[in-house]
There are 2 protein chains.
Amino acid sequence: MTITPLQPTARTSLRREKRRAATERSALYDVLAEGMFCHLGVVMDGAPLVLPTAYGVDLDRGPDGTLYLHGSVAARSVVAAPEQTVCVTVTHADGLVLARSAFHHSVNYRSAVIFGVPRLVTDPEEKLHGLNRIVDHLIPGRSSGTRAPNRKELAKTSVLALTLTEASVKTRSGEANDEPDDLDLPHWTGVVPLRVVAGEPITNSDCDLLVPAHVRTRANQLGAPS
Amino acid sequence: MTITPLQPTARTSLRREKRRAATERSALYDVLAEGMFCHLGVVMDGAPLVLPTAYGVDLDRGPDGTLYLHGSVAARSVVAAPEQTVCVTVTHADGLVLARSAFHHSVNYRSAVIFGVPRLVTDPEEKLHGLNRIVDHLIPGRSSGTRAPNRKELAKTSVLALTLTEASVKTRSGEANDEPDDLDLPHWTGVVPLRVVAGEPITNSDCDLLVPAHVRTRANQLGAPS
């Protein structure tokens with residue numbers, strides 16, 4: 001695929017703090033690649049509804065790539081309003097930024113916001129593909145280390161597809177910024193880094209197999225002690 | 001305050017997997033107490049917009065307690081539509097649940113969803129109170145370890161208040177569940193625990209103070225090496 005820059009639309013253009021906006025499409029893909037869950041926003045009976053769900057990515061499907069969402073949580077609203085725009089947000093909280101003044105307290109983060117009208121995936125082959133992308137996004141290689149869904153299970157699962165066309169990425173990183181007048185205040189300033197880490201994998205009580213390589217690799221990548 | 005049970009409304013009642021619903025109000029407060037950020041959903045020009053933001057809680061304000069949101073991100077939409085219902089979602093991802101079948105893959109999580117029409121806090125005293133709650137939610141004790149906002153800074157900040165009346169809490173915990181027919185499959189099953197941890201606090205390059213106790217305590221509570 002050709003990577004085109006992010007093309008801001010009215011709703012993805014940042015009105016505040018434009019310096020925090022990333023303009024490269026690769027920034028979007030990076031935020032998605034590192035995230036594990038998203039928050040999906042839909043409109044239900046005129047009010048917003050925001051629910052967490054899992055996702056996967058296929059950058060080779062469509063001109064800008066496709067986001068697959070495990071959509072059971074949203075399927076009811078999407079089926080009810082198939083032409084409805086949804087909003088998908090993926091956020092990494094990277095650190096608490098403590099300034100000398102309360103006002104300049106901030107958060108180091110990376111977040112991606114994607115808008116689009118999702119497509120309910122009905123083709124069984126694409127549905128399986130989307131589900132595999134979602135499972136493998138969480139644990140790379142897992143889709144080959146598990147029993148694939150049968151026809152009945154596929155029918156019970158909803159997968160939504162969203163093109164990665166209309167999106168924005170916003171980040172903040174680095175030190176706290178203080179007012180020049182505040183530099184001599186007796187208040188500590190700095191960053192408390194945050195990250196999501198995995199613990200040691202816990203084998204089910206009814207399973208006597210060893211933790212397989214794909215699970216061990218992922219847990220270690222997420223910081224589990226090896 | 002008296003803790004009343006969560007009273008489900010049409011939109012906070014779970015249609016799927018009712019066994020995952022918590023009915024005690026304390027479950028809501030626990031999810032909020034442990035979370036650091038929320039995802040705030042608003043409707044803008046007919047489409048949902050979901051943005052991450054910081055929050056604080058005051059359980060003694062209002063019959064069910066009050067959620068304060070650092071609302072600059074949403075203030076534009078809330079000012080534009082002050083009677084607008086918003087949705088605030090706080091999610092803890094506690095673990096990846098790997099079953100023997102792809103279909104039974106799941107996530108251990110705790111999530112709270114709160115609906116309400118937020119109030120833009122205009123009273124300077126309550127605004128300061130709300131901001132302190134937000135800062136102290138992230139780092140308990142921090143509001144006394146920093147310069148308080150001056151009038152100009154207060155005017156530049158938006159705080160939203162939302163009553164914790166209409167809310168639902170959903171959780172999943174424990175092992176993977178498999179189909180009885182799948183128990184002998186040669187696939188490992190178990191849980192990869194996840195949590196958010198803090199790293200060692202990083203002092204700003206322009207600061208020569210030692211990390212204070214309130215920062216050290218919070219970092220250690222979040223798993224930083226002491």
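User: How many salt bridges does the rule find across the interface of chain A and chain B?

Analyst: The model is a predicted one, and side-chain atom pairs count only at pLDDT 80 or more. Side chains of opposite charge can pair when their charged atoms come close. One such pair joins B:D206 to A:R100, with the closest N and O atoms 3.2 Å apart. Across the interface of chain A and chain B, the number of salt bridges found is 4.

User: Which strand of chain A gives the most residues to the side that touches chain B?

Analyst: The interface also holds 43 residue pairs in polar contact, both residues being at pLDDT 80 or more. With 9 residues, the strand that gives the most to the side of chain A touching chain B is β10 (residues 190-198).

User: How do the residues on that side of chain A divide into nonpolar, polar and charged?

Analyst: The contact takes 83 residues from chain A and 83 residues from chain B. The area buried between the two chains is about 6700 Å², of which carbon and sulfur atoms give 65%. On the side of chain A that touches chain B, the residues divide into 48 nonpolar, 20 polar and 15 charged.

User: Which residue of chain B stands opposite A:I202?

Analyst: Strand β11 (residues 202-203) of chain A is joined by 2 bridges to strand β10 (residues 190-198) of chain B, and these strands run antiparallel. Within β10 of chain B, the residue that stands opposite A:I202 is B:V191.

User: Which residue of chain A comes closest to the rotation axis?

Analyst: Chain A can be laid on chain B with an RMSD of 0.0 Å by a turn of 180 degrees and a shift of 0.0 Å along the axis. The two copies are therefore related as by a two-fold rotation axis. Because 100% of the interface residues of chain A are also interface residues in chain B, the copies meet through the same surface. Judged by its C-alpha, which lies at 2.1 Å, the residue of chain A that comes closest to this axis is A:V196.

User: How far apart in sequence are the parts that the pair of A:R110 and A:D94 ties together?

Analyst: A:R110 forms a salt bridge with A:D94, the closest N and O atoms being 2.8 Å apart. Because A:R110 lies in strand β6 (residues 106-116) of chain A and A:D94 in strand β5 (residues 86-98) of chain A, the pair ties together parts whose separation in sequence is 16 residues.

Definitions and conventions:
Residues are numbered from 1 along each chain as its sequence is written. Chains are lettered from A and ligands numbered from 1 in the order in which they are written. This is a predicted model: local features need pLDDT of at least 70, side-chain atom pairs count only at pLDDT 80 or more; totals for chains, interfaces and linings use all residues. Side-chain values use heavy atoms; hydrogens and water are left out. Contact means heavy atoms within 4.5 Å. Buried area is the accessible area (1.4 Å probe) that two parts lose on being put together, summed over both. A salt bridge is a side-chain nitrogen of Lys or Arg within 4 Å of a carboxyl oxygen of Asp or Glu. A polar contact is a pair of N or O atoms within 3.5 Å; within protein, one must be able to donate a hydrogen and the other to accept it, and residues adjacent in sequence count only if both atoms are side-chain atoms. Helices (H or I, at least four residues) and strands (E, at least two) are DSSP runs, numbered from the N terminus. Ala, Val, Leu, Ile, Met, Phe, Trp, Tyr, Cys and Pro count as nonpolar, Asp, Glu, Lys and Arg as charged, and the others, Gly among them, as polar. Two strands pair if DSSP finds at least two bridges between them. Copies are superposed by least squares on the C-alpha atoms of residues with pLDDT of at least 70 in both.
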